[in-house]
Amino acid sequence: MNSSPIVDCGCGKSISIPTGYSHSFCSDCDSFWFPSSMESSEDAIVPQDRVTPFTCPRCSVDLEVGTIGRTEVCFCSKCRGFVIDSESLGGVIQMRRSAYRGPEDSPVPVNFNELDLHSTCPACFSTMEAHHYCGPGNIVLDTCMKCKLAWLDHGELSKITRAPGRR
Ligand SMILES: [Zn+2]
Ligand SMILES: [Zn+2]
Ligand SMILES: [Zn+2]
């Protein structure tokens with residue numbers, strides 16, 4: 001069995017990392033704990049030091065510009081989720097999956113609870129549609145049809161990358 005590792009948040013509180021996650025949340029200081037910097041964390045988004053007019057659907061802070069390969073995304077420096085235009089997402093997934101040489105995750109069931117979590121579009125503030133991503137990884141994506149944007153929580157891109165299947 002996996003026991004949850006305990007880490008020191010930095011604010012003095014000890015927090016546990018939930019099974020299946022590489023990061024955690026500290027309710028004492030209302031911040032996320034990550035094992036590494038933005039750039040070297042699992043989704044490997046490179047920050048470009050520019051703030052966007054968009055707002056994080058989870059934390060209500062301004063999103064910043066980052067890049068995954070040549071694709072620009074807007075990420076949240078607090079929760080490390082990011083928004084990407086839906087048309088670029090397929091290419092990013094393909095690039096990451098074909099470059100990945102590490103171990104594959106065992107298949108995971110869809111977390112249907114996530115379908116009830118309705119986020120606000122960072123661009124137009126309408127409610128995003130949560131739907132099951134029908135590719136590897138069984139994740140739930142939030143998309144805005146109007147803006148053609150998709151929101152991925154931290155680690156979801158990595159889950160898609162590590163999922164078994166054709167590369
Ligand atoms: Zn804390
Ligand atoms: Zn956020
Ligand atoms: Zn929108």
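Predicted model: local features only at pLDDT ≥ 70, side-chain atom pairs only at ≥ 80, totals over all residues.

Reader: What pattern does the chain follow, read along the sequence?
Author: The pattern is β-β-β-β-β-β-β-β-α-β-β-β-α. Residues are numbered from 1 along each chain as its sequence is written, and chains are lettered from A and ligands numbered from 1 in the order in which they are written.

Reader: Thanks! Why does the radius of gyration agree with a compact globule?
Author: Because a compact globule of 167 residues would have a radius near 15 Å, and the chain has 16 Å. The radius is taken over C-alpha atoms, and the globule rule is 2.2 Å times the number of residues to the power 0.38. Along its principal axes, the C-alpha trace spans about 40 × 35 × 30 Å.

Reader: And how much of the chain is buried?
Author: Buried residues are 27% of the 167. A residue is buried if 20 or more other C-beta atoms lie within 10 Å of its own, exposed if 12 or fewer, and partly exposed in between, with C-beta atoms placed from the backbone.

Reader: Switching topic, which domains does the assignment give?
Author: Domain 1 covers 1-35 and domain 2 covers 37-162; such bounds come from an automatic or database domain assignment. Their centres, taken over C-alpha atoms, are 21 Å apart.

Reader: How many residues of each are in contact?
Author: 6 residues of domain 1 are in contact with 7 residues of domain 2. On the domain 1 side, 3 are nonpolar, 3 are polar and none are charged. Here Ala, Val, Leu, Ile, Met, Phe, Trp, Tyr, Cys and Pro count as nonpolar, Asp, Glu, Lys and Arg as charged, and the others, Gly among them, as polar. A contact means that two C-beta atoms, placed from the backbone, lie within 7 Å.

Reader: Now the sheet. What order do the strands have?
Author: It is an open sheet of 7 strands in the order E5-E6-E7-E8-E11-E10-E9, with antiparallel pairing. Two strands pair if DSSP finds at least two bridges between them. At the edges are strand E5 (46-55) and E9, each pairing on one side only. From one strand to the next, the twist averages 35 degrees.

Reader: What packs on that sheet?
Author: Helix H1 (residues 86-99) does, touching E6, E7, strand E8 (82-85), E10 and strand E11 (149-152). The direction of H1 makes about 100 degrees with that of E8; axes are lines fitted to C-alpha atoms, for helices over the stretch in contact, and angles run from 0 to 180 degrees between N-to-C directions.

Reader: Can we step through some pairs? Which residue is the bridge partner of Val 65 in E7?
Author: Cys 74. Strands E6 (residues 62-68) and E7 (residues 71-75) are antiparallel over 5 bridges. Cys 74 also has a bridge partner in E8, namely Val 83. E7 and E8 form a hairpin with 6 residues between them, and Arg 80 in the turn has a positive phi of about 65 degrees.

Reader: And what about E10, is it mostly covered or mostly open?
Author: Mostly covered: 4 of its 5 residues are buried. E10 pairs with E9 in the antiparallel sense over 4 bridges, with His 131 opposite Leu 141. E10 also pairs with E11 over 3 bridges, where Asp 142 has Trp 151 as its bridge partner.

Reader: One more: where is Pro 136, and why does it count as buried?
Author: Pro 136 sits in the loop between strand E9 (129-132) and strand E10 (140-144). It counts as buried because it has 20 C-beta neighbours inside 10 Å. Beyond its neighbours within four places in sequence, Pro 136 is in contact with Ile 160, Ala 163 and Gly 165.

Technical notes
Helix = DSSP H or I, 4+ residues; strand = E, 2+ residues; numbered from the N terminus.
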